[in-house]
Amino acid sequence: MKSPHRIRIITNNPLVVTVLSEYYTIEYYEGIGYRDILVKVRDLVYSGYELLTHPLAGSVKPNETMFKSIVVGTDMKAVEIEHCNLMMNAIITCDKFKPRNVTYSDYHIKDFQLIDYTLLCGALDFDAIAGLSKANINSY
Amino acid sequence: MAFRVVHYINQFFANVGGEEMAHIPAELREGKIGPGLAFETAWKGEAVITHTIVCGDSFFAEHEKEAKETVVNWVKEIKPDLFIAGPAFNAGRYGYACSNIALEVKQQVGIPVLTGMYVENPGADYKDKILIVPTANSAAGMRKGAPMMAALGLKLMKGEKLGASCEDNYMPNGVRVNFFEKERGAKRAVKMLLNKINGKPFVTEFPMPDFDRVEPGKAIPDMSKVVLGLATSGGTVPKGNPDRIEASNASHYGEYDIEGWDSLTADGWETAHGGYDPVYANEDSNRVLPVDVLRQMEREGKIGKLHRYFYSTVGNGTAVASSRKFAEEYAKKMLAAGVQACIMTST
Amino acid sequence: MKLELGFIKINDVQFSNECAVKDGILYVNPEDVKAFVYDNDDVKSYIKSINFDIAKPGESVRITPVKDVIEPRVKVEGPGGIFPGVIAKVDTVGSGRTHVLKGAAIVTAGKIVGFQEGIIDMSGEGAKYTPFSKTLNLVMVAEPVEGTKQHDYERAVRFAGLRAATFVGALGKDVEPDEVKSFETYGIMEGAKLFPELPRVGYVHMLQTQGLLHDTYVYGVDAKRIVATLINPTETMDGAILSGNCVSATDKNTTYHHLNNPVVAELFEEHGKSLNYVCNIITNENVYLADKQRGSDWAAKLAKLLDLDAVIISEEGFGNPDADLIMNCTKQEKQGIKTVLITDEYAGCDGKSQSLADSDPLADAVVTAGNANMEVVLPPMDKVIGMLDYVDYCSGGHAGSLRPDGSIEAELQIITGATNEMGFNCMSAR
């Protein structure tokens with residue numbers, strides 16, 4: 001069972017903050033990139049925090065979306081080698097996608113936020129649609 | 001106008017002689033010799049071998065720098081459309097020469113290069129750097145191998161786009177190329193599965209990255225009675241590098257006595273390694289091979305004894321096959337000397 | 001369980017005043033289809049308009065952004081109906097008889113998010129890579145009611161496509177098929193008795209289950225919420241599994257792929273000859289790591305329970321699913337069940353990068369559908385069905401992807417079904 005306790009969300013996605021702050025512990029990093037989030041989580045995992053969601057969730061590629069939310073545990077435990085490898089490989093994978101030099105409009109940015117948010121909700125068994133309604137986000 | 005080709009072969013394929021003639025230096029001859037005929041036959045006049053370079057395998061191994069310079073200068077002068085070496089089949093030193101000289105020509109002259117050999121030839125370690133056509137393990141495979149090399153060579157000369165390794169017959173070189181198979185993926189999967197179930201050979205379409213993992217040995221609960229050995233690919237050698245271990249692509253390793261040395265100090269030790277800034281290693285070789293700390297542990301009784309000899313080579317670009325051979329050899333020496341555990345350091 | 005598929009060969013699709021299948025021609029009155037599609041609350045609430053068009057092989061036509069492709073089918077005999085739990089009631093399907101309008105497809109297009117993708121070119125370079133350049137496509141472009149949320153729009157377009165396919169499929173109900181093929185798998189004891197000498201083979205079918213535009217449905221259930229389970233291969237031929245995904249269209253399974261699962265087809269080809277095709281195990285590709293552990297554990301447990309000797313494992317997607325693929329592979333191999341994996345690669349435009357985000361030496365038998373990062377140039381087309389404004393923004397696109405002349409320079413991953421990981425296509429890589 002997935003409980004909102006003893007987990008924290010590492011994210012740069014403001015939509016996650018808007019909707020989920022009420023229910024989860026969130027560490028929000030405004031304005032940092034997708035890769036920066038991977039690095040932050042890698043460092044946490046290397047120091048013994050449990051990795052709870054896959055860092056490469058979603059088919060929107062790392063050189064496309066700028067938003068990333070990853071869930072880790074709140075307690076320092078023994079370092080999990082498997083999770084360290086996962087984070088290391090995720091960063092290697094991220095780096096192989098070449099920059100696309102696209103300037104996004106607000107509309108695209110909000111869609112990227114939405115997809116990251118739904119991936120996170122999918123992982124946490126949180127009702128993504130209900131969350132948006134409750135936060136009064138109608139036309140996103 | 002036909003394309004012009006320079007062909008590199010060893011003393012044996014030039015009919016100069018066997019091992020007893022392996023010392024002959026590189027010489028340039030006009031026209032084709034030996035296997036060159038098979039290439040020209042396959043090219044049907046579209047390309048000709050204007051020159052053949054004949055070089056003894058021992059000469060190349062022992063005078064690599066000189067041999068490379070000579071060959072590169074000739075090729076620069078001749079300006080061919082292709083440099084082709086071998087095929088070397090399973091002849092280790094010949095394969096090594098073919099790959100190295102081809103790579104040198106590619107880097108120094110910038111023309112297309114190509115060689116061919118058996119997949120287990122140590123020269124095949126270069127398959128990510130130059131195109132190598134896989135051949136049989138003996139010269140009996142010439143009839144099949146030469147036309148494959150000729151076809152790929154012609155493609156390179158024409159400047160055509162390189163197909164996938166299985167289409168154009170070169171050893172997979174780490175560059176993934178798309179192409180269309182005759183059967184769809186699901187059918188190929190079922191066929192592969194049936195072969196796997198029935199113990200028949202099958203070839204994966206995507207080889208997993210080869211990490212060549214080694215299972216760690218069992219933990220030693222009490223180190224206080226253990227004779228501990230040391231080995232390194234960091235190039236630690238007595239000052240002056242008496243065994244002349246190469247700065248890269250090492251061909252051998254050294255065995256060095258540390259009896260009486262409490263620490264690997266700068267007056268006695270340095271590194272032969274050419275792949276990193278040697279300043280810090282030369283200042284204090286314990287940074288590469290921690291003899292100082294281990295001596296202290298020896299005194300404190302934390303380890304039984306530090307083995308009298310350590311083994312050292314340079315890991316910089318050294319072929320995996322060579323490294324394996326070195327380690328197999330010195331591991332036996334260590335075992336014979338009663339070494340029970342070993343620390344291997346890298347840089 | 002035994003299912004007969006009656007294939008009605010469709011050689012042309014035409015708009016007409018009537019709706020019928022006659023002499024291999026599918027006649028469609030768009031108004032009739034529209035009326036059937038709109039007889040649904042979601043469609044009524046969220047879809048402002050739908051327009052139909054026809055795209056045929058060889059035409060200078062580009063369809064985009066494609067959401068789903070669906071083959072029209074109809075249940076003729078036996079329990080249930082096509083798309084159980086969504087269009088038909090939840091009865092167990094996969095037995096009796098089903099008619100297929102072979103050669104025809106319903107393609108839905110509609111921009112749900114700004115970076116969506118999915119291109120089907122009916123001719124030119126791009127046509128080589130998508131299987132849907134070879135089908136006669138009835139294309140439905142859906143426009144949302146203003147202010148519709150993405151979730152609602154996605155669901156409404158999904159329903160609209162399935163309803164259109166259901167309506168068109170029903171036109172084949174009373175038509176005599178050109179060819180009838182029969183597919184049957186057996187109970188565990190029965191199969192073992194029938195084929196005592198043959199290796200017992202299963203299919204571990206991984207489903208994309210991550211979130212909006214990344215979902216798959218089984219009998220109407222969001223597959224994120226399932227634990228690995230068993231399904232008869234013939235159930236998939238009646239629409240038990242359907243697609244809710246379209247991001248990174250190259251390696252996502254459309255509903256058409258699920259209906260025509262090539263692994264199922266090829267295993268049936270060998271069934272009773274060189275192997276005993278026991279059944280499919282479906283499992284998911286969730287984001288939560290504990291879900292992955294559970295999913296792959298259960299898939300392995302079920303394979304053992306069925307005494308399988310070997311399985312084919314197909315992936316859907318890239319990155320996160322690579323972890324599931326390797327977990328599924330290693331867990332099966334470690335209990336002595338031999339595996340062959342089907343995947344695709346993201347080896348970079350130059351083909352030099354590491355193809356998968358996870359790997360293991362036990363994965364020694366892999367079929368690849370090619371490198372999705374390969375760059376392609378798609379020539380301009382005379383006609384575009386849908387809209388092109390998203391092209392620069394999608395996976396596989398970049399700034400300037402859409403050139404002034406209408407040609408598109410992008411990665412293969414922009415093309416619907418190009419590197420399908422069920423092994424639908426012939427493309428591979430070395």
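Visitor: Which residue does B:Asn178 stand opposite in strand 26 of chain C?

Guide: In this predicted model, B:Asn178 stands opposite C:Ala429, where strands are DSSP E runs of at least two residues and helices are H or I runs of at least four, both numbered from the N terminus. Residues are numbered from 1 along each chain as its sequence is written, while chains are lettered from A and ligands numbered from 1 in the order in which they are written. Local features need pLDDT of at least 70 and side-chain atom pairs count only at pLDDT 80 or more, whereas totals for chains, interfaces and linings use all residues.

Visitor: How many residues does the contact take from each chain?

Guide: Chain B gives 32 residues and chain C gives 45, with contact defined as C-beta atoms, placed from the backbone, within 7 Å.

Visitor: Which element of chain B gives the largest share?

Guide: Helix 7 of chain B does, with 11 residues.

Visitor: Changing topic, how much of chain C is buried?

Guide: Of its 430 residues, 64% count as buried, that is, with 20 or more other C-beta atoms, placed from the backbone, within 10 Å of their own.

Visitor: How many helices and strands does chain C have?

Guide: Chain C has 9 helices and 26 strands, and its C-alpha atoms fill a box of roughly 55 × 55 × 35 Å along the principal axes.

Notes
A residue is buried if 20 or more other C-beta atoms lie within 10 Å of its own, exposed if 12 or fewer, and partly exposed in between; C-beta atoms are placed from the backbone. Two residues are in contact if their C-beta atoms, placed from the backbone, lie within 7 Å. Two strands pair if DSSP finds at least two bridges between them.
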